[in-house]
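Subject: Structure handover

Hello,

Here is the structure for you to look through. My notes on what was found follow below it.

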Amino acid sequence: MKKCLLVLALGIALTGAVFAGGGKEGASGTELYVFISQPEYADSIRALITEYKKVVPDVTINYETTQADYPALLKTKLNSGDLPDIFTSTAGAEIDLYTEYSLNLADQPIAKAMIPAVADGFKSMDTGAGPYGFAIKGNFFGILYNKDIFAKAGIAEFPQTLDALEAACEKIAALGIKPFTSGFGEWWVWKHAAMNFFGTATNDPIALTKKFENGQAKVSDYPRLYNDFFRFVDLVKKYGDDKLLETTLDREVAAFGNGQAAMTVGQGAWIEEDVLKINPNLKIGFDGYPISNNPADCKVVTGADQAMRVSNKSKHQKELLDFVNWWYTSDYGKGWFANVAKVVPPISAGVVPNLEVPKQGAAHVAQEGSAPLSIIYSTDAFHQVFGELMQAYVGGSATKDQTCAAIERQWISIH
Amino acid sequence: MKKQKVELLESVFYPLPALLFVGVMIYIPFVLSGYYSFTEWNGIARAPKFIGLANFKAIFTGGADFLRTLLFTFKYTVLFMLFTNIAALALAIALVKKFRLANTLRGLFFIPYIMSMTIVGFIWRFIFSSGFDTLLANTNLGIFRWSWLGTPNLAFVSVTIVGVWQSLGFYIVLYIAGLEAIPQDIIEASVVDGASGFLRLRSVILPLLAPSISTCMFMSLTNSLKVFDIILALTRGGPAGSTYSVTLGIYRDAFQNNRYGLGSAESLVFFIIVLILTQVVMRVFKSEN
């Protein structure tokens, strides 16, 4: 009899576990469901939610985050009807992919508070409508360099042209220090490096992306890509890590933080704190990529590559919009970016955090302007393949022309 | 009569929950993926678009990387089956001998098997990168200078080594069980008849171990065809896409490249290949037994 009861209880527990879910309606007040990537900001977002609970006590925000496999998990939720109230996609190409499910924020206060460069990345590539999202952070992409090593090598100013970069590499290598650490083992390092060249290969990166996707463009038609980008990659290979394709983010950060390498490739504001954990006294410099022999082309890139999408299917539309507007426009929210999350604020009225990359990045943008965040116009699916093709190139298993042909082919088939 | 009725009811009702779960978790998704394989669907849009056999055509005309991943999986499977079974058998024969550390060693060989594949992958990634750096600094041996995860051919070797290392314990246990089931008197009789060590192994022990060998071969076959997590943790398919197994390739197409239909078609084709392969292997071992 006892056994029977036990089996029955277990059975009920199992069935309960399977058919649970749903039930988002709390007994008291409204519950919002936030399911976003970027777990590195989990603590800061929890602080934000705690603060919001004080302001609006009868709205409860359930926050869930993951990095690994976020897109696959999100798709599962979409298809099972468990759509989160706030979810993440990348900016640019993925904006149109999810417009069916997300709200156009154009007439909301949050859109007016956003930096225009950030908002542009969240607009539909097809229609120009939007923004269909907002950002946790703005960002700076560029080369972080070790000022002490540059001083020791007798280089007064960060090289602004490819020729100057090559000369600088020679001088640094003569000291017995690696000029570059590249992170070429990561697929996304490639898109971050390539966008500097891609964004300036033409005046209209969106149109160029479309041309590649339709098979109307060739890499060799664009000297900025065919000559300058590959020259840069060859330089990094020649003056870079010993185990080039094994160098992942952690190893790149370690090599730069330990002073074994003078410059990073494919990184930006997000690695500064990790680098400082290795060596708090490291003198970090930050500049754009030398992409040609015109010093004026060397600019940092700014913008946001991750979009937080607001569901248009939510039963609590008003509460949801109140929350996101509060995030961008309240005093706490405005200060949250720099003080709590310690990120580059995506809002015009933000305070810059006390870190070198955001400070120097903001100064560069104020002086020289910024280059476009052109990576976002292609999907990450393409970028992963692009990274693999470039790995084959630096690994020596494909020639430059084979690589270019493969890139053109894949761009047509995956987008 | 009444008892028979009860028995009938029992045999209908007891399997029902299991059937329900297996149906919901395995058979319904299987049929659905059959449907999706004829469609173009990105996994997000509400309605998949019917495109007939275009996905299958893409697989076989090289429009997808499927054939390359298939070749990788076959290479891995052959090496994995060979090395795991030989090593496991050799170790099992050593470990059934009565010596002081035998039990401890059995435990040590089994530990990797109970660890999660992902953790094993991360541990080895650390060994191959930072571990080998330190070893290079201390010994200056050339093999530590090689980029074990950063060169396509070496990455394949690394994946195979780690795969074999991780699952060795499981096969050792199966072989030990088989060896211990061999009646001691047969062995003793062969000793009396003057069979030396190698002859005894070849003519007495191995034939009697045939059921264990076919079990282990079969299990290593299916396990290596399914290889996924170890590669995801160790190389993520890299460098330059050289270590994609079929399963990882399907995952990439369906969930990263947003081509759910193509991924479904690939998994169907792979299912049929695995079905044929396992049937053939089973026949071969049955006839030998």
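**Loops and backbone**

R236(B) sits in the loop between α11 (229-234) and α12 of chain B. Helices (H or I, at least four residues) and strands (E, at least two) are DSSP runs, numbered from the N terminus. This is a predicted model, in which local features need pLDDT of at least 70, side-chain atom pairs count only at pLDDT 80 or more, and totals for chains, interfaces and linings use all residues. Residues are numbered from 1 along each chain as its sequence is written, chains are lettered from A and ligands numbered from 1 in the order in which they are written, and side-chain values use heavy atoms, with hydrogens and water left out.

Back to R236(B). Its phi is positive, about 55°, although the residue is not a glycine. R236(B) is partly exposed, at 37% relative accessible area. Buried means under 20% relative accessible area, exposed over 50%, and partly exposed in between (1.4 Å probe, protein chains only).

K342(A) also calls for a look. Phi of K342(A) is near 55°, a positive value in a residue other than glycine. K342(A) lies in the loop between α15 (331-339) and α16 (356-368) of chain A. At 41% relative accessibility, K342(A) is partly exposed.

Check one peptide bond too. The bond from G130(A) to P131(A) is cis, with omega near 10°. P131(A) belongs to the loop between α6 (116-120) and β4 (139-146) of chain A. For background, most residues other than glycine have a negative phi, and most peptide bonds are trans.

**Where the chains meet**

Chain B brings 32 residues to the contact, and chain A brings 24 residues. Contact means heavy atoms within 4.5 Å. The two chains, B and A, bury about 2,500 Å² between them, with 46% of it on carbon and sulfur atoms. Buried area is the accessible area (1.4 Å probe) that two parts lose on being put together, summed over both.

Four salt bridges are counted between chain B and chain A. A salt bridge is a side-chain nitrogen of Lys or Arg within 4 Å of a carboxyl oxygen of Asp or Glu. D133(B) and R251(A) meet in a salt bridge through their side chains, at 3.2 Å from N to O.

α6 (117-139) and α12 (246-256) of chain B each give at least two residues to the side of chain B that touches chain A. That side has 16 nonpolar, ten polar and six charged residues. Ala, Val, Leu, Ile, Met, Phe, Trp, Tyr, Cys and Pro count as nonpolar, Asp, Glu, Lys and Arg as charged, and the others, Gly among them, as polar.

**Salt bridges within the chains**

Over all chains, the structure holds 22 salt bridges. In chain A, the side chains of R231(A) and E166(A) meet at 2.9 Å, N to O. R231(A) is in helix α11 (residues 223-238) and E166(A) in helix α8 (residues 162-174), so the pair ties together parts that are 65 residues apart in sequence. R231(A) is partly exposed at 25%. E166(A) is partly exposed, also with 25%.

K191(A) pairs with D380(A) in a salt bridge, the closest N and O atoms being 2.9 Å apart. K191(A) is in helix α9 (residues 187-201) and D380(A) in helix α17 (residues 380-394), so this pair ties together parts that are 189 residues apart in sequence. K191(A) is buried at 8%, and D380(A) is buried at 18%.

In chain B, E40(B) forms a salt bridge with K49(B), with 3.8 Å between the closest N and O atoms. E40(B) is partly exposed at 48%, whereas K49(B) is exposed at 51%. Shared partners also join D163(A), E166(A) and R231(A) into one salt-bridge network.

A88(B) is in helix α4 (residues 66-96) of chain B. A88(B) is buried, at 0% relative accessibility. Neighbours within four places in sequence aside, A88(B) contacts F83(B), L168(B), Y171(B), I172(B) and Y175(B).

T264(A) is in strand β6 (residues 261-264) of chain A. T264(A) is buried too, with a relative accessible area of 0%.

Best wishes
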